[in-house]
Amino acid sequence: MTVNEKLYARLRFKLELLERNAQSFQDLFTKVMTAHCSSFEPVKPYGNMGDRKNDGFNPDTGTYYQVYAPEDPSTNKLQAIQKLHKDFEGLFKNWNHITPINTFYFAVNDKFVGMGPFLHEELKKIEGNYPTVKCKPFYAHHLMEVFMSLPEEHIYSLIGNIPDPTEIEPFESHVMNDVVRYLLGNFTQTNTTPPPKDPDFDLKLRFNKLSEHPATCLKFAGYQYGDLRDFFATSVDVKEKLKEIFNGLYKKALSDLPDTEDRNDLVFYYILNKAHPKASERKDIYNAVLVLMSYYFSACDIFEDPRKPIQGTFDFLKSYAPSN
């Protein structure tokens, strides 16, 4: 994988971790760990027996995992502590006589914000009560590193193919129709503000600090504007509805994603991921979505307009101006 492909894979997987809670996170955790280690054995709940507090383990090493993925990891400290102790006690009772527990990982989808020192304190308490067991936290960044160490075929199977800006070709009308039907059928249109006149595409890319891959995808997809205008010429109504849908997706991304340095890149992949049918990983579908995203990016329906007075000083705006 190239440096840009690795960056893309890391951002796409981070987006998965930010969006997944409860069983959805556990499913992803199991896929990654199974791909990482052939000895890893996931444990599925069985009737009234459940999983007996074991979400997966490596019987060769006596390493066990219990997964915890609340919607908001920054709250419910007491709930996390109660689950940790209850799950470990159940795990030791039901599994230690089958395969002795050497290492126990409490796998928390902390969504990259950490869990505070209390978790380490509680894990030390368990080690004090069970001297033969080592207890460690396993955070989102740990699962990220396991994911990035996987062979390329496993990485692609988990996040889908990587869109290649150089392979964005003229779209077929029936493909664009499929994408439009999906968008109109799965998203609610919301009111948007009027777009600015003559938006500056390159200035907007710099202003929103998009990295190379999403920026290049948007620029290359923009080469298909002529075909898209012809497509929209037959239905102005669809063009306006899609504008509202993409604007709504953008606002939802801002609401759902944390305010981090890579937030705008994550917003780009969030919209790309949501705007195509989940069952489809077809390149022509991705390309059609990218053409639409580029169009609504250029019209300032998604991402921020550099001429909005957000921080409103001349010097601030000047720093994003094209260089001579």
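In which sense do strand β4 and strand β5 pair, and over how many bridges? The two strands, β4 (residues 103-108) and β5 (residues 134-138), pair in the parallel sense over five bridges; strands count as paired if DSSP finds at least two bridges between them. This is a predicted model, in which local features need pLDDT of at least 70 and side-chain atom pairs count only at pLDDT 80 or more, while totals for chains, interfaces and linings use all residues. Residues are numbered from 1 along each chain as its sequence is written, and side-chain values use heavy atoms, with hydrogens and water left out. Helices (H or I, at least four residues) and strands (E, at least two) are DSSP runs, numbered from the N terminus.

**The sheet**

- Five strands form an open sheet with mixed pairing, in the order β1-β2-β3-β4-β5.
- β1 (41-42) and β5 stand at the edges with a single partner strand each, so one side of each has no neighbour in the sheet.
- Strands β2 (residues 56-58) and β3 (residues 63-68) run antiparallel and are joined by three bridges, with Asn-58 opposite Thr-63 in β3.
- The hairpin of β2 and β3 has four residues between the strands, and Gly-62 there takes a positive phi near 70°.
- β3 and β4 run parallel and are joined by six bridges; Tyr-65 stands opposite Tyr-105 in β4.

**Burial of β3**

- Six of the six residues of β3 are buried, where buried means under 20% relative accessible area, exposed over 50%, and partly exposed in between (1.4 Å probe, protein chains only).
- Both faces of β3 are covered, with Thr-63, Tyr-65 and Val-67 buried on one side and Tyr-64, Gln-66 and Tyr-68 buried on the other.

**Helices on the sheet**

- The chain passes from β3 through α3 to β4 in a right-handed β-α-β crossover; right-handed means that, with the strands pointing away from the viewer, the path from the first strand over the helix to the second runs clockwise.
- β4, helix α4 (residues 118-129) and β5 likewise make a right-handed β-α-β unit.
- α4 lies across β4 and β5 and runs at about 155° to β5; axes are lines fitted to C-alpha atoms, for helices over the stretch in contact, and angles run from 0 to 180 degrees between N-to-C directions.

- Leaving aside neighbours within four places in sequence, Leu-292 is in contact (heavy atoms within 4.5 Å) with residues including Met-176, Leu-228 and Phe-246.
- Ser-294 is found in helix α13 (residues 283-298) and is buried, with a relative accessible area of 0%.
- Beyond its neighbours within four places in sequence, Ser-294 is in contact with Phe-201, Leu-218, Ala-221, Gly-222 and Tyr-225.
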